Amino acid sequence: MKKNWLSYPYLVWMFLFIFLPLLLVLFYSLTTRTEDGLRFTLAHFQRFMEPIYLRVLFRSVKLALFSTVICLILGYPMAMILAGNGFKRKQVMVFLFVVPMWMNFLLRTYAWMTLLEKTGLINTFLSWLGLPPLNLLYTEEAVVLGMVYNFLPFMVLPIYSVLRKIDKSLIEAAEDLGADGFTVFRKVIFPLSLPGVLSGITMVFMPAVTTFVISRLLGGGQFTLIGNLIEQQFLLVGDWNFGSAISMVMMLVILVSIGVMSKYEKENEGSGLF
Amino acid sequence: MTRFLKKSYAALIYLFLYAPILILLVFSFNASKSRGVWAGFTLKWYRELFQDRQIMKALYHTIIIAVLSSTIATVIGTAAAIGIHNMKKLKRKIVMNLTYIPVVNPDIVTGLSLMLLFIFTNFRLGFVSLLLAHITFNIPYVILSVLPKLKQLDKNLYEAALDLGASPFYAYRKVILPEIMPGVITGLLLAFTLSIDDFVISFFTTGSGVSTLSIIVYSMARRGINPKINALSTLLFVTVLLLLVIVNLRTSGTTNGQNKKQAINGKY
């Protein structure tokens, strides 16, 4: 029984609204409008190689890496706690962990603005203690904080789901063979949890490197990231060609990082793209 | 001892996750405009919120877009999932890989590429372009929710219906559709939530005069703090929480860790 035609509306839709737009981005990134019409060029990519733009790319990758590392350090123990047998209401704990993630991330970021600003709660508390107010908002640290806050669940959940599936008898076997707690972790638990760690890294790094909202709201526009650069080119400057070229570079960064990650992932259970 | 350590670590993480939200909620009832001090309970900001015509219009747009886009995406996506399920292996693999593109692609690229398409084709940016964009990023999530249900399906049921004289269409409506319904509903709710939640793609594909709540929040927050946003956040948080509880109660029986992971993956 063939029901293939049922997917035709979707295929048409996909062609129109996913394939064509991406083709347009590629087209704009490789052309320039001159007096005698369109001309093929690599100038936009060349322009991105200028130090001022490379610095933006470097900063984006740096801040995203920072956030990823902090998420991993904070998140791994949390994933172990959620996956362990220590607590009765584990289902509820996991649910509670997921809830904030579903709150609009603009609002989550905004919430930190109210905490960090000059007259915010943290500074009020400091002055109550008799300490001078700190400049917290509109700093690079605030941007990293915003990323960690927004993306921590993306690190914890994949690690949690891998840890939960680990065969307990392996751990018992290691213990029977005389391994102490740390050795069990180092030799058994951690290596087995690597797929989760890798997909967690991808899932934190990707949104962190492409964000323009967090850097705009918590960085106050002083810390231009690659996302901000793209937004500016399209909505402020109106240079679509250059904006498209940066978008292509960004997609390349994403694709390469997914590619690298899934190459090391033993079970390719995440995305089906590779 | 370790149990105590674990407990306090978990408590700290939950504090980190919930403190900003709770403070937002509490201060939405604060009479003073300043966030530092508590000046008594008030519903003033909620009143102002509901009197703000711009925000009310954005709320209206957000809900209409979410309802329309999730419904249309569910129809197209469910049909697509049935079609994909019946495809040959190679073709199915190609289509599925294409389906993952909007899930994996950064939202900003999806948004601006759609914007380019609309402007390139002289399509007016506004309500319709916003709706088309939302349908586009919703369809893959519907497909990913429905496909697992189709895989679980017992083929014999459909054939039995045919043997008993049902037409293929009747068999689909009376046998297949009820069986995959849980997946369809989950997809619908997921699409609805994602549509309400989206900012980046909406930001690029909307035109003047049409904004969603997220866009309003962004433009307000860029100018600094505004207690009306606190009130708005509280209402949105409660709404999303309710939706989540419903979805969770629906799916708690089935194993759909895969789905959840993909849903998470695509949120940004």
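## How the helix angle is read

Angles under 35 degrees count as roughly parallel, over 145 as roughly antiparallel, 65 to 115 as roughly perpendicular and the rest as oblique. In this predicted model, helix H3 (residues 53-85) and helix H6 (residues 127-152) of chain B pack at about 40 degrees, with axes 6 Å apart. H3(B) and H6(B) are therefore oblique to each other.

The crossing of H3(B) and H6(B) is right-handed. Sorted by class, their contact has 20 nonpolar, nine polar and one charged residues.

## A residue on H3

Let's look at B:Thr78, which sits in helix H3 of chain B. B:Thr78 has 8% relative accessibility, so it counts as buried (under 20% relative accessible area, with a 1.4 Å probe and protein chains only). Leaving out residues up to four places away in sequence, B:Thr78 touches B:Ala73, B:Val142, B:Val146, B:Ile180 and B:Val184 (heavy atoms within 4.5 Å).

## The chain as a whole

Chain B has twelve helices and zero strands (DSSP runs of H or I, at least four residues, for helices, and of E, at least two, for strands). Its C-alpha atoms fill a box of roughly 75 × 65 × 30 Å along the principal axes.

Of the 268 residues of chain B, 58% count as buried. Among contacts in chain B between residues at least 6 apart in sequence, 72% join residues at least 24 apart.

## Reading notes

Residues are numbered from 1 along each chain as its sequence is written, and chains are lettered from A in the order in which they are written. Local features need pLDDT of at least 70, side-chain atom pairs count only at pLDDT 80 or more, totals for chains, interfaces and linings use all residues, and side-chain values use heavy atoms, without hydrogens and water.

Note on methods
Axes fitted to C-alpha atoms, helices over the stretch in contact; angles between N-to-C directions. Left-handed = near helix turned anticlockwise from the far one by under 90°. Nonpolar A, V, L, I, M, F, W, Y, C, P; charged D, E, K, R; others polar. Buried < 20%, exposed > 50% of the residue type's maximum accessible area, 1.4 Å probe, protein only.
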